[in-house]
Amino acid sequence: MIINKNILEKLKAEYGDAFYLLDSEQFAKNFSELKAAFQKVYPNFNIAYSYKTNYTPKLCKMVNEIGGYAEVVSEMELEIARRVGCKPERIIWNGPIKNEQVAEEFICEGGTINIDNREELKLMKMVAARHEDKLLTVGIRVNYEVGDGVMSRFGFDIDGEDFKEAVCWVKEMNNVKLINFQCHFAKRPMRYWSARAKGMIALIDRLGVVPERIDIGGGLFGKMAPSLKAQFSDEIPDYNAYAEAAATVFANYFKDKEDKPELLIEPGSALVGDCMKFVASVKNIKNIRGKWVAAVLGSQKNISMSAVNPPIDVIGMGGEQKEYNDLDFVGFTCIEGDVLYHNYNGKLAQGDVIVISNCGSYSLVMKPPFILPNFPVLDISGEEVELIKRGESFDDLFHTFNF
């Protein structure tokens, strides 16, 4: 659907002065393209979608229907996966803290838990002892140096005693199966993807253990407008470049081997980043000591971008526009740093609408109930607008409080 004045007038009349626009067809296209890029290099490949990045149920359901895994990091996200129809064996539970009761139920149903720390190892030992009649599938989250300058806090240090204990325990247990090694590193540049792949190969080579799956985590750049790319110091790789950097390492290592494990990655932003826009109405424009600011019904938390200027379109809604230089679009919150876009140059009028792109990643899920509830989400990929999430109300936020 082409976003123009007429469309926005209709949407505003029904849904208010601020809302998200979702393109679920673009999400499905991204999933297919990313999967194809990696499968071209290493055929036994799949995607585990990172729920935490954007857990809109429609997207999670789409991943399940097209054959991907659900990657969750809490019992809340696990419940989302269950409600959209994911079978336990298609759910991977990461994260540093897991509810013990829910974790026991989940792994006994056939789900995979990636053990992150010593306390979780103790928990899995107790669960295995209580359920000797069940085969439990566990993964081990591993941590090693990839040269990104970040001391990751996730997983076991592969040179530590806790890691050795975890591996030995899994090997010794008749009712426990090591289904995968998994890692998580934050930096998105391509060179770190090659490093994490090589580190994982070095680990399985050292241990002489090849699990059914090898999961090298998430953290990929997604598709973005040239104006956004230009603000990053690193080159923004495409899907094929990531596949060449990482999947080639596995293709070469397993080329002459009979058993080729399933390679997984856990993308979030790379799939959903360009699939959502945020629409906000300009409420007022003023000048403070020579600086122009335009307040909109939205906040920086609605777009989850602070260090860069997002792609932005200004849609004139009929008011008399004036030319502005060095204008900041600011949010409705009472926080000085609530700036959605810095130093805009162009025409603008009170009542216009700004449309901010590339805000599908972490925006919706990280918007706090601060000052105002969150806004509706509308899927505009089909012929008709589909309400995916209604706007939140006072009662949505305050029904857990006692007045």
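The following conversation goes through some features of a predicted model.

User: Before we start, what kind of model is this, and how are residues numbered?
Analyst: This is a predicted model in which local features need pLDDT of at least 70 and side-chain atom pairs count only at pLDDT 80 or more, while totals for chains, interfaces and linings use all residues. Residues are numbered from 1 along each chain as its sequence is written, and side-chain values use heavy atoms, with hydrogens and water left out.

User: Which residues does UniProt list for the N-terminal domain?
Analyst: An unreviewed UniProt entry lists residues 35–272 as "domain: Orn/DAP/Arg decarboxylase 2 N-terminal". UniProt positions are given in the numbering used here, feature names are shortened, and annotations may be inferred rather than shown by experiment. The span is 42% helix and 17% strand, and its end C-alpha atoms lie 14 Å apart. Helices (H or I, at least four residues) and strands (E, at least two) are DSSP runs, numbered from the N terminus.

User: Let us take strand β3. Which way do its residues point?
Analyst: In strand β3 (residues 69–72), Tyr69 and Glu71 point one way and Ala70 and Val72 the other way. All of these are buried, where buried means under 20% relative accessible area, exposed over 50%, and partly exposed in between (1.4 Å probe, protein chains only).

User: Which strands pair with β3?
Analyst: Strand β2 (residues 45–50) pairs with β3 in the parallel sense over three bridges, and serine 50 stands opposite glutamate 71. Strand β4 (residues 91–93) also pairs with β3 in the parallel sense, over three bridges, with tryptophan 93 as the bridge partner of valine 72. Two strands pair if DSSP finds at least two bridges between them.

User: Where is threonine 56, and what does it touch?
Analyst: Threonine 56 is in the loop between β2 and α3. Its relative accessibility is 4%, so threonine 56 counts as buried. Not counting residues up to four places away in sequence, threonine 56 touches Leu22, Leu364 and Ile388, with contact meaning heavy atoms within 4.5 Å.

User: Which strands does β10 pair with?
Analyst: Strand β10 pairs in the parallel sense with β2 over three bridges, and three bridges join strand β9 (residues 213–215) to β10, also in parallel. Leucine 264 in β10 is the bridge partner of asparagine 46 and of aspartate 215.

User: Changing topic: how many aromatic pairs are there?
Analyst: The count comes to 21 aromatic pairs. Rings of Phe, Tyr and Trp (its six-membered ring) pair if their centres lie within 6.5 Å; planes under 30 degrees apart count as stacked, over 60 as edge-to-face and the rest as tilted.

User: Why is the pair of tyrosine 253 and phenylalanine 254 edge-to-face?
Analyst: The ring planes of tyrosine 253 and phenylalanine 254 stand at 85°, with the centres 4.9 Å apart, so the pair is edge-to-face. Phenylalanine 254 is buried, at 1% relative accessibility. The charged end of lysine 257 sits over the ring of tyrosine 253, 4.1 Å from its centre. A charge sits over a ring if NZ of Lys or CZ of Arg is within 6 Å of the ring centre and within 35 degrees of the ring normal.

User: What about phenylalanine 329 and tyrosine 344?
Analyst: Phenylalanine 329 and tyrosine 344 form a tilted aromatic pair, 5.2 Å centre to centre and with 55° between the planes. Phenylalanine 329 belongs to strand β14 (residues 322–330) and tyrosine 344 to strand β15 (residues 339–348), so the pair ties together parts that are 15 residues apart in sequence. Both phenylalanine 329 and tyrosine 344 are buried.

User: Last one: which residues have a positive phi without being glycine?
Analyst: Serine 304 has a positive phi of about 55°, and aspartate 326 has a positive phi near 60°. Serine 304 is partly exposed, with a relative accessible area of 31%, and aspartate 326, in strand β14, is partly exposed at 35%.
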